[in-house]
Amino acid sequence: MSATVIVGTQWGDEGKGKITDLISGDYDYVVRCAGGNNAGHTVIVGDTKLGLHLMPSGVMYENCTPVIGNGCVIDPGVLVKEMAMLNSLGISCERLKISCDAHVIMPYHKVLDGADEKRLGKNKIGTTKRGIGPCYQDKVARRGIRMQDLLDEKIFKLKLETVLERTNAILSKVYGLQTFSVEEILEEYLDYARILGKHVTETAQLLNDAMREGKNILFEGAQGTMLDVDHGTYPFVTSSSCCSGGACTGSGVGPTRIDSVLGIMKAYTTRVGEGPFPTELFFEENGGTGQDAVDGETLCQVGHEFGTTTGRKRRCGWFDAVVGRYAADIHGLTEIALTKLDVLSAFDTLKVCVAYECNGERYDYFPMQQSVLFHAKPVYEELPGWKGQDITEAKSFDELPENAKSYINYLEKIVGVKMKYVSTGPDRNQTIIR
């Protein structure tokens, strides 16, 4: 039996989908434990490029059972469309299992999400407006609707009537927006229930039974360390636990059954949405100038840094080892997959942030105070690049340029965790296993 947790170690978008897809074939179950369709995993196999938002990457393998755990929030309309897309490509979704305890994103959650972002104005969080936050709010406030509720029309209607009494008052009196009727939501969501009902089950029991039978389980993380609601750059975070501990609460599997934690770490750093980002290389349209703006734009264009879910242009910057060390501690990383190394083939010189500086004080560890982080300046070390040398065909570590090997060894030393996987291109096969 083997149980591995995959986590993002930066601000998400590290390439978790590719690595999960790469190793999923060795696992009997692949489990999504947190988040919703605000996350996007891009999987590329041959000429096929798939953007998965709710479906675990294990769906690509016939011997693997994909599971959406209780820690997730589910927009059933999005899931039904995603399943239809996969089925049209000949990829079966019959094995999908959905936790009966996963909470459901309702139409009013999406409206509230957008309305609250608009109200915040320049202080907006930068959410995807998919209703994730409001759904988790209802969950914590104990007024949420779960997947199991959709399977019993009487219970669903009763809970919906109760929550709409409060929600409609907020929509109309606080935001001046249109309200929802019980009937319109019932009609839409009962249709989803008829499609998804056969997939809904007690997944915690399923997974624990599987482990007792010696099955291998991969827990697939969403977003990243710095977006975790507890340990991230609060309040510019998501509403769920993105850390390795969240895999346990989001699946119902105890921590003593986890064998390893694989952190996905991009060879540079990106961020989507608002919030502090110490190594950001500002684009010209955001006020950037000189070589920094050029380097930032190069990372974005060469790395195709546009959100899988939103299409938004990602903010880009050099590798941040302060964040890397912080992630190693928070997750208890046992190994790292370094992704998008090939993007750095566009540079003569590379920079690595080894510490922050603020008000004359140096911070080698992630600063406690938000005010420090917002004003932190990166302390860089420069390393020689391998500009113009194509690494996408490298099959082993020894085949990489000397400067590329030195860069990997440097990151490994400064973060303090072994880099087992090195991604040299977007395809599943463009990966070196050390």
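Which residues do ring pairs link into a cluster? In this predicted model, the cluster consists of Tyr-326, Tyr-356, Tyr-365 and Phe-366, linked by ring pairs. The count of aromatic pairs comes to nine. Tyr-326 and Tyr-365 form an edge-to-face pair, with 5.8 Å from centre to centre and 70° between the planes. This pair links distant parts of the chain, 39 residues apart: Tyr-326 belongs to helix H11 (residues 321–331), and Tyr-365 to the loop between strand E17 (361–363) and helix H12 (370–375). Tyr-326 is buried, at 10% relative accessibility, whereas Tyr-365 is partly exposed, with a relative accessible area of 40%.

Tyr-326 also pairs with Phe-366, here in a stacked arrangement with a centre-to-centre distance of 4.9 Å and 25° between the planes. Phe-366 lies in the loop between E17 and H12, 40 residues apart from Tyr-326 in helix H11, and this pair likewise links distant parts of the chain. The relative accessible area of Phe-366 is 10%, and the residue is therefore buried.

Charged side chains are placed over two further rings. Lys-313 lies over the face of Phe-283, 4.2 Å from the ring centre. The charged end of Arg-434 is positioned over the ring of Phe-397, at 4.3 Å from its centre.

A search of the whole structure for disulfides gives zero. For Cys-100, the closest cysteine sulfur is that of Cys-72, and the separation of 13 Å is too far for a bond. Cys-316 is likewise in no disulfide, the nearest cysteine sulfur being that of Cys-300 at 4.7 Å. Cys-100 counts as buried at 13% relative accessibility, and Cys-316 is buried with a relative accessible area of 0%.

Terms used: Residues numbered from 1 in each chain as written. Predicted model: local features only at pLDDT ≥ 70, side-chain atom pairs only at ≥ 80, totals over all residues. Heavy atoms only, no water. Disulfide = S-S within 2.5 Å. Buried < 20%, exposed > 50% of the residue type's maximum accessible area, 1.4 Å probe, protein only. Phe/Tyr/Trp six-rings, centres within 6.5 Å; stacked < 30°, edge-to-face > 60°. Helix = DSSP H or I, 4+ residues; strand = E, 2+ residues; numbered from the N terminus. Lys NZ or Arg CZ within 6 Å of the ring centre and 35° of its normal.
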